[in-house]
Amino acid sequence: MTTSLTPDPITADDPVTHGGLGVSQGAALTLGAVLGTGVISLPGLAAQEAGPASLVAWLVLVLLSIPLATTFAALGARYPDGGGVATYARRAFGSRAATVTGWCFYFAIPLGAPAAAGFAGAYVADSLGGGRQTQLLTSGVLIGTVAIMNWYGIRISGRVQLVIAAALAALLMVATLVSLPHASTANLTPFAPHGWSAIAPAMALLIWAFAGWEVVTSLSSEYRNPARDITRATAIALVVMGVMYLGVAFATVAVLGDDSSNAPLSDLLVLGFGEPARAVTTVVAVLLSLGAMNAYFAGSARLGAALGRDGSLPGWFARGSTAGEVPRRSLAVVTAGSLLTLLGVALTGVAIERTMLLVTGAFALVYVVGTAAALRLLPRGTWVRRGAMVAFASSLLLLGLMGKNLLPQLVVGVAALIWMARDARRVEPPAPTPA
């Protein structure tokens, strides 16, 4: 028999107050995590990959997001804890699964952060000049800014996120609406110029744009009323995300056609307002990057602290693992790792966006483990469990699209198992002393 280091399921009537997040801030953080940097460049990249058929990839992934989002919302509402998916894996499958899952996700964030910042950095460089040097410098500034925001706690970063989300929703909607008068049905034919099989690689590319539902589970214990508020925040984020993504993707294909670039938002705004609008796109890019990175830094910092608390990382990480506290040690590790990755990119000359490929496999793997855990933890016969079955099947499909992008996670997973084997007492939490 083993003890559980995670809380028992709670109900909507639970009077216990957890953290300080409300529905609006939670929705903003969720939206920031999902409606992240992908919308800056991925519509154009997907269109180059599959032509107008890339819209099918966008639509499929939006629909697949519904069971994924509701599954993670149900888990977060029932088991609010900073460990997020690692906590669900621990409850469902034990410490080994939790440690491997936690490590894969926690150490993926420092690898992916420079890519997230790099998308915005490319826009800043395009606006101000300076090329790669400006892009790298901007990326470093964004990483430092997000670290400072989270250093002072989730209440501060949550309030900032709310402002960012509101500004983004308005700016993306304007970019779509002002460009639609320039849409042409001629740009939709041929619909699949590279064949229908091109939809699959387009979907694999777009997974970056739909990652995020898993990271906000690590913020579940920070809600004032997790059982009630997480579901509401997720529903708001789902609707806004679907409208924004599909709108920008359609405008990119129908308006820009073969002229689509790696900076489609700039091109759409310029069509509506003229060349001076390109500077506005830079603001959008920076806000999107800040929003996404803020959510990921907040969630991963709490994940690292929870892993330290549960024995899946050294106990040094555990400081700040209680709801309402700030996990500054874990945050410092994520920040330092992100800056080291950026330094490696700068020294090697590798395109900063390429680090994205090192982490997409981690997102797919976490989805599979999280939805599999949901099948064991959520009540049988409920609609949310049926949704988890769909989410699990969808996650397996996404995992199959990853191919060689899973290699970094294989290395991290093996390292996690080796680390656990060196200290066998960490394999399972200690059993309670008999009365």
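## Aromatic pairs in a predicted model

At 5% relative accessibility, Phe 363 counts as buried (under 20% relative accessible area; exposed is over 50% and partly exposed lies in between, with a 1.4 Å probe and protein chains only). The model is predicted, so local features need pLDDT of at least 70 and side-chain atom pairs count only at pLDDT 80 or more, while totals for chains, interfaces and linings use all residues. Residues are numbered from 1 along each chain as its sequence is written, and side-chain values use heavy atoms, leaving out hydrogens and water.

Rings of Phe, Tyr and Trp (its six-membered ring) pair if their centres lie within 6.5 Å; planes under 30 degrees apart are stacked, over 60 edge-to-face and the rest tilted. The count comes to 11 aromatic pairs. Two of the tilted pairs are tabulated here.

| Pair | Centre distance | Plane angle |
|---|---|---|
| Trp 103 and Trp 419 | 5.8 Å | 45° |
| Tyr 296 and Phe 363 | 5.9 Å | 45° |

Trp 103 belongs to helix H5 (residues 95–106) and Trp 419 to helix H16 (residues 407–421), so their pair ties together parts 316 residues apart in sequence. Helices are DSSP runs (H or I, at least four residues), numbered from the N terminus. Trp 103 is buried at 10% relative accessibility, whereas Trp 419 is partly exposed at 21%. Both residues belong to a cluster linked by ring pairs, together with Tyr 106, Phe 107, Trp 316 and Phe 317.

Tyr 296 is in helix H12 (residues 278–309) and Phe 363 in helix H14 (residues 360–377), so this pair ties together parts 67 residues apart in sequence. Tyr 296 is buried, at 10% relative accessibility.

Definitions and conventions: Helices (H or I, at least four residues) and strands (E, at least two) are DSSP runs, numbered from the N terminus.
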